[in-house]
Amino acid sequence: MKDIKRTLMGVGLSLLVIWAVLFVMHILLALVWVFFWVGLVGILVAVILHALEESV
């Protein structure tokens, strides 16, 4: 009975660790995506503003 309990605890802990790692990776990936799009939009806005200034 003790062995089963220990095994379940081990499995539970492993799953918890795996879940935590995936959760952190998901957050980091989301942040990378956000920074990527913010940077892209920022560059586009800067280019458009520069073009408008040139044409005026």
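Mentor: We start with the source, then take fold, rings and surface in turn.

Trainee: Where does the model come from, and how are residues numbered?
Mentor: It is a predicted model: local features need pLDDT of at least 70, side-chain atom pairs count only at pLDDT 80 or more, and totals for chains, interfaces and linings use all residues. Residues are numbered from 1 along each chain as its sequence is written, and side-chain values use heavy atoms, leaving out hydrogens and water.

Trainee: How many helices and strands?
Mentor: The protein has 1 helix and 0 strands. Both kinds are DSSP runs, numbered from the N terminus: helices are H or I with at least four residues, strands are E with at least two. Helix α1 covers residues 2-55.

Trainee: Compact globule or more spread out?
Mentor: More spread out, because the radius of gyration is 24 Å, well over the 10 Å that the globule rule gives for 56 residues. That radius is taken over C-alpha atoms, and the rule is 2.2 Å times the number of residues to the power 0.38.

Trainee: What box do the C-alpha atoms fill?
Mentor: Roughly 80 × 5 × 5 Å, along the principal axes. For a distance inside it, take L40 and M1: they are 39 residues apart along the chain, and their C-alpha atoms are separated by 58 Å. M9 and W33 are 24 residues apart, with 36 Å between their C-alpha atoms.

Trainee: What share of the residues is buried?
Mentor: 0% of the 56 residues. Buried means under 20% relative accessible area, exposed over 50%, and partly exposed in between, with a 1.4 Å probe and protein chains only. M9 in helix α1 is exposed at 56%. L40, also placed in helix α1, is partly exposed at 33%.

Trainee: Switching to rings. How many aromatic pairs?
Mentor: The count is 4. Rings of Phe, Tyr and Trp (its six-membered ring) pair if their centres lie within 6.5 Å; planes under 30 degrees apart are stacked, over 60 edge-to-face, and the rest tilted.

Trainee: What kind of pair do W19 and F23 form?
Mentor: Stacked, at 5.1 Å centre to centre with 10° between the planes. Both lie in helix α1, 4 residues apart, about one turn of the helix. W19 is exposed at 53%, whereas F23 is partly exposed at 43%.

Trainee: Why is the F36 and W37 pair edge-to-face?
Mentor: Because the planes of F36 and W37 are at 75°, with the ring centres 5.4 Å apart. F36 is partly exposed at 45%, and W37 is partly exposed at 45%. Ring pairs also link W33, F36 and W37 into a cluster.

Trainee: Last topic, the surface. Which residues form the nonpolar patch?
Mentor: Among them are W33, F36, W37, L40 and V45, and the patch has about 1,100 Å² of accessible area together. Patch residues have over 30% relative accessible area and no salt bridge; like charges are joined within 9 Å, nonpolar side chains (Val, Leu, Ile, Met, Phe, Trp, Tyr) within 5 Å. A salt bridge is a side-chain nitrogen of Lys or Arg within 4 Å of a carboxyl oxygen of Asp or Glu.

Trainee: And how exposed is V45?
Mentor: Partly, at 43%.

Terms used
Areas by Shrake-Rupley, 256 points an atom, 1.4 Å probe, with all protein chains shown as cover.
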